[in-house]
Each structure stands twice: as structure tokens, then as C-alpha cells.
Amino acid sequence: MTTHKLILTLDDAKKIAAGAEAEAKRNEWPVVIAIVDDGGHLLYLQRLDETQYGSVQVAIEKARAAIAFRRPTKIWENNITEGRQHYLGLPGALPVEGGLPVVIDQQFVGAIGVSGVRSFQDAQIAQAGIDAWLSGG
């Protein structure tokens, strides 16, 4: 039996990043935007001017964690905040908001990770990128 697998293309990644960049610039937030495919492989990376270089790896790891576990990284942050420290031992889990899986037709095709400002703002930027892509932007 075979299935039809959707993939996130470089063009898709650029559209997601453009939507995220627009949200970041609208708020004057310097961030790094990382887009990965369904295997966690980096497809696209963008570092806005004045963003600290430490956010590069964090954005990539947020995206990888979001696709590895097929859920927003906010879930891990909530678990840790609620005292479930054992989640810190999960390989690849990053308990910092700002990583979101990208889903199309109920298939996980990749993820976006954003880092550079407060974690809830990173998540806002990531969601704006996904929303822009889904709306054809």
C-alpha cells in the first residue's frame, strides 16, 4: 500500500518566513526564523538585522522540537512550569514557546521556530508565518 505524502517545499518555506518576517517587522522585533521539513532538516533560515546570534540555534531547535513531537513547544514549557521536570530529559524537547508544527491536510509537513524576543512573541511571529502561508500570502 502506498500513500500520498505532502512535502514542504523551499517556496513554501519562503512564504512562511515572509509572513513571519512581516509580523516581526510590524512589531520591530529582531528575530531568527527557521523552517524545517518533516524530518527536522533545515530548509530555510533568516536572521533579521540586530538579532543576537544566540537565537540562530534556538530557532532551529524550536522548529526541530515542534516537528519531532508534532506539537507546539509551548506544551513542553507548560509541563515544566507545572513541575513535570522529567520532560527535560526527553531528547530533542525544547521547553520554550516559539516552535510550531506546520500541518496541511492533516499531515505534518514541517515546522517553524522563531527566537529573539519573548517566547510568546516568538510564537506570535511563527503563527503569523503559518497563517500567511495558509491564506496564500
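The buried residues of α2 are Ser 55, Ala 59, Ile 60, Lys 62, Ala 63, Ala 65, Ala 66 and Ile 67. Buried means under 20% relative accessible area, exposed means over 50%, and partly exposed lies in between (1.4 Å probe, protein chains only). The model is predicted: local features need pLDDT of at least 70, side-chain atom pairs count only at pLDDT 80 or more, and totals for chains, interfaces and linings use all residues. Residues are numbered from 1 along each chain as its sequence is written, and side-chain values use heavy atoms, with hydrogens and water left out.

What covers those buried residues? The cover includes β1 (32-37), β2 (42-47), β3 (99-104), β4 (107-115) and α4 (119-134). Contact means heavy atoms within 4.5 Å. Helices (H or I, at least four residues) and strands (E, at least two) are DSSP runs, numbered from the N terminus.

Now the length. Helix α2 covers residues 54-68, which is 15 residues. The expected span is 1.5 Å times one less than the number of residues.

After α2 comes Arg 70. Arg 70 sits in the loop between α2 and α3 (74-81). Its phi is near 55 degrees, a positive value in a residue other than glycine. Arg 70 counts as exposed because its relative accessibility is 52%.

Glu 28 also has a positive phi, of about 60 degrees, and is not a glycine. Glu 28 lies in the loop between α1 and β1. With a relative accessible area of 71%, Glu 28 is exposed.

Next, the cores. A nonpolar core is a set of buried Ala, Val, Leu, Ile, Met, Phe, Trp, Tyr and Cys residues joined through side-chain atoms within 4.5 Å. The largest one has 20 residues, and Val 31, Ile 33 and Ile 112 have the most contacts inside it. At least two residues of this core come from each of α1, β1, β3, β4 and α4. Helix α1 gives the largest share, 5 residues.

Leaving out residues up to four places away in sequence, Ile 112 touches residues including Ile 16, Ala 20, Ile 33, Ala 63, Leu 100, Val 102, Ala 126 and Ile 130. Another core, of 5 residues, lies apart from the largest one; Val 36, Ala 66, Ile 67 and Ala 111 are among its members.

Asp 12 belongs to helix α1 (residues 10-26). Asp 12 counts as buried, at 15% relative accessibility. Beyond its neighbours within four places in sequence, Asp 12 is in contact with Ile 7 and Trp 133.

Finally, the whole chain. There are 4 helices and 4 strands. From the N terminus on, the order is α-β-β-α-α-β-β-α. Of the 137 residues, 44% are buried. Among contacts between residues at least 6 apart in sequence, 61% join residues at least 24 apart. The C-alpha trace spans about 45 × 40 × 20 Å along its principal axes.
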